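Here is a short report on salt bridges and on contacts between protein and DNA. Look at the sequence and the model first, then read on.

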Protein chains: 2
Amino acid sequence: MARAALSPDAVVDLALRIVDEEGPDALTLSAVAARAGVATPSLYKHVRNLAELRALVSVRVMGELTEIASEAALGRSGDEALRALMDGWRSYAARHPHRYSAMIQAPRPETADVGDRLVGIMLAALRAYGLEGSAAIHAVRCLRAAMHGFAVLEAAGAFRLAEDLDESHALLARMVIAGLRTAREH
Amino acid sequence: MARAALSPDAVVDLALRIVDEEGPDALTLSAVAARAGVATPSLYKHVRNLAELRALVSVRVMGELTEIASEAALGRSGDEALRALMDGWRSYAARHPHRYSAMIQAPRPETADVGDRLVGIMLAALRAYGLEGSAAIHAVRCLRAAMHGFAVLEAAGAFRLAEDLDESHALLARMVIAGLRTAREH
DNA sequence: ACGCATCGGCTAATGCTATTAGCCTGGCAG
DNA sequence: CTGCCAGGCTAATAGCATTAGCCGATGCGT
């Protein structure tokens, strides 16, 4: 190895810093190269192209979110676990809005794995609600929709009124919990 | 007027066709110009720049969605109105996934108006649930989060399992309805 | 009917981006 | 010591947005 400075992971690190500071649209190979102190084409020694870099960023962020989600669910169950999961999810998205936006991508093979793990955690968090098979899948889809929808809208600044967002989110959690009870009866 | 063929609206029409057929990323000024049979810079006589064109597309799509939402809610009330609203929303997004994706943007002044109308319709659809003031705002936020989250995920192809999406969405509707009852009691 | 402003097209030019090709070098393996 | 190659480089191409400045036709006022 000549200069051990750069590596795929290091490139993703720089990419994440750009995303955080300047938003997902500012993620460009030349911007990364500039931060790395390297000519743009050199990056191709570490990443196939911009699309792959985006996918790697997405994977990294989904990984962080997975970690947060699993920590939140750990040692809790039932409503408490669900609330912790939703709160953790939302707070991550709120803390890193650009990162969260950069995570959203058309599904690519790279993201399939970590995506499945994330779904697995949600499934586990729902275990206490006694949902089996397909019912559990439908429930996870609704949970994802609720969490993701709220996170996206909040990150995009789409909630423009003055009302407290914590309160809105607490209502969302109550909504999901109430809905899961109806799911069991169906 | 020289050639009356082009106008801001006509440009948006072409833009929408591109979005539908090739996805939001394919929306580029040169692509629009090619379809219009015109040189790229000519478009600047009708639209300020690409960002504005995107905003206009977004406004147009939000307008269509507003129409669908208001038709769905018209003449119904309570759970029925809510279900119709959610179904209409989802079916629009599913019918035009690229269009729906193109609608999503950081809030710009152009979209504020039609966005407010859309929120107004949701507020009206919730009237039967007896929510006042802030409680209604929180409820609308949750409704938006649920509908938008589901639509985005479905449009992006993020629901990859075989389970019937109609059923998942029906659960989401029951979830929202159940949650709105708890909202009143809070 | 005539002149003229303006609208809406054009070409030329700039600058930023991704991406490919092909070169060069320093360090590690043998 | 020698040769390989990972990992940097420069040069070149091509697609995009955007600006500047030109020019013809249209339609209005006179």
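## Salt bridges and DNA contacts

B:Glu21 and B:Arg35 join their side chains in a salt bridge, with N and O 2.9 Å apart. A salt bridge here is a side-chain nitrogen of Lys or Arg within 4 Å of a carboxyl oxygen of Asp or Glu. B:Glu21 lies in helix H1 of chain B and B:Arg35 in helix H2 (residues 29-36) of chain B, so the pair ties together parts that are 14 residues apart in sequence. Helices (H or I, at least four residues) are DSSP runs, numbered from the N terminus.

This is a predicted model: local features need pLDDT of at least 70, side-chain atom pairs count only at pLDDT 80 or more, and totals for chains, interfaces and linings use all residues. Residues are numbered from 1 along each chain as its sequence is written, chains are lettered from A and ligands numbered from 1 in the order in which they are written, and side-chain values use heavy atoms, without hydrogens and water.

B:Glu22 also forms a salt bridge with B:Arg35, the closest N and O atoms being 2.9 Å apart. B:Glu22 is in helix H1 of chain B and B:Arg35 in helix H2 of chain B, so this pair links parts 13 residues apart in sequence.

How far apart are the closest N and O atoms of B:Arg60 and B:Asp9? They are 3.9 Å apart, in another salt bridge. B:Arg60 sits in helix H3 (residues 50-73) of chain B and B:Asp9 in helix H1 (residues 8-22) of chain B, so the pair ties together parts 51 residues apart in sequence.

Now for accessibility. Buried means under 20% relative accessible area, exposed over 50%, and partly exposed in between (1.4 Å probe, protein chains only). B:Asp9 is exposed at 53%, and B:Glu21 is exposed at 51%. B:Arg35 is partly exposed at 32%, as is B:Arg60 at 25%.

Over all chains, the count comes to 26 salt bridges.

Next comes the DNA. DNA strand C is surrounded by 18 residues, each with a heavy atom within 4 Å of the strand.

The table gives polar contacts (pairs of N or O atoms within 3.5 Å).

| Residue and its atom | Distance to a phosphate oxygen of DNA strand C |
|---|---|
| A:Thr28, side-chain N or O | 3.0 Å |
| A:Leu29, polar backbone atom | 2.6 Å |
| A:Ser30, backbone N or O | 3.1 Å |

Definitions and conventions. Helix = DSSP H or I, 4+ residues; strand = E, 2+ residues; numbered from the N terminus. Polar contact = N/O pair within 3.5 Å; in protein donor to acceptor, adjacent residues only side chain to side chain.
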